[in-house]
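Take a look at the model below. We will walk through its charged side-chain pairs, one at a time.

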Amino acid sequence: MGKVKIVEPVNLVIFIFSAQLDYWFETVKPDLISLFGPIDYISPELDFEKYTLYYNEEMGSGITGKLISFERLIHPSLLASIKIKTNELELKHAVDGKRRFNLDPGYIHHMQFVLATTKMWPHRIYIGQGIYAEPTLMYINGSWKDYDFTYPNYKEKVYKFELSKIRDLYLEKRKKYLQNFVKSEKRVR
């Protein structure tokens, strides 16, 4: 029988995309910081529209995005609640029932990148509150590997490069967390 272990915290990442990215990011940024704490990394603007036109009718054309990393680590079990909150933010700023931006939350662990979604699919795992977790990328042998079902943008080198930067930040935070955890364990004994 395997021994139950303490789950390591993970790095919250949100991908925001919009046809008016700079405007809507600056508009929603205070809400994001209020909900999830300080931001420690914002990627350069990333092309999004070349991968799908699915959102154009709702948001307009010229959709781009940014990956955002948050300073505070989270427990992975919070992903469903975070997705509910980001959905609420999208609706709060909607115009005539149409979202002006999309917030896709997920997390980075040293071995994986996971996204939250409301849509069921065979490879997605239900995590509560009507939300599923999608294992989007795995980190093996020094690089991100995608799956057949990985969204096309996350298969691209530029997205993986930005996620690697966030992963590096996470590894530093994880190291400090583990050092503090070991110290606290020693005090308890």
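Is Lys29 buried, partly exposed or exposed? Lys29 has a relative accessibility of 23%, so it counts as partly exposed. Keep in mind that this model is predicted.

Lys29 has a partner. It forms a salt bridge with Glu26, and the closest N and O atoms are 3.8 Å apart. Both residues sit in helix α1, which covers residues 21-36. They are 3 residues apart, about one turn of the helix. Glu26 is partly exposed too, because its relative accessible area of 47% lies between the 20% and 50% cut-offs.

Now turn to Lys83 and Asp104. Their side chains meet in a salt bridge, at 3.7 Å from N to O. This pair links distant parts of the chain. Lys83 belongs to helix α3 (residues 79-92), while Asp104 belongs to strand β5 (residues 101-109). The two are 21 residues apart. Both Lys83 and Asp104 are buried.

Some bridges share partners. In this way Glu58, Glu90 and Arg99 are joined into one network.

Next comes Arg174. Its side chain meets that of Glu8 in a salt bridge, with 2.5 Å from N to O. Here, too, distant parts of the chain are linked. Arg174 lies in helix α5 (residues 157-188), and Glu8 lies in the segment before β1 (10-18). They stand 166 residues apart.

Glu8, with 22%, is partly exposed. The cut-off for buried is under 20%.

How many salt bridges does a search of the whole structure find? The search finds 11.

Definitions and conventions: Residues are numbered from 1 along each chain as its sequence is written. This is a predicted model: local features need pLDDT of at least 70, side-chain atom pairs count only at pLDDT 80 or more; totals for chains, interfaces and linings use all residues. Side-chain values use heavy atoms; hydrogens and water are left out. A salt bridge is a side-chain nitrogen of Lys or Arg within 4 Å of a carboxyl oxygen of Asp or Glu. Helices (H or I, at least four residues) and strands (E, at least two) are DSSP runs, numbered from the N terminus. Buried means under 20% relative accessible area, exposed over 50%, partly exposed in between (1.4 Å probe, protein chains only).
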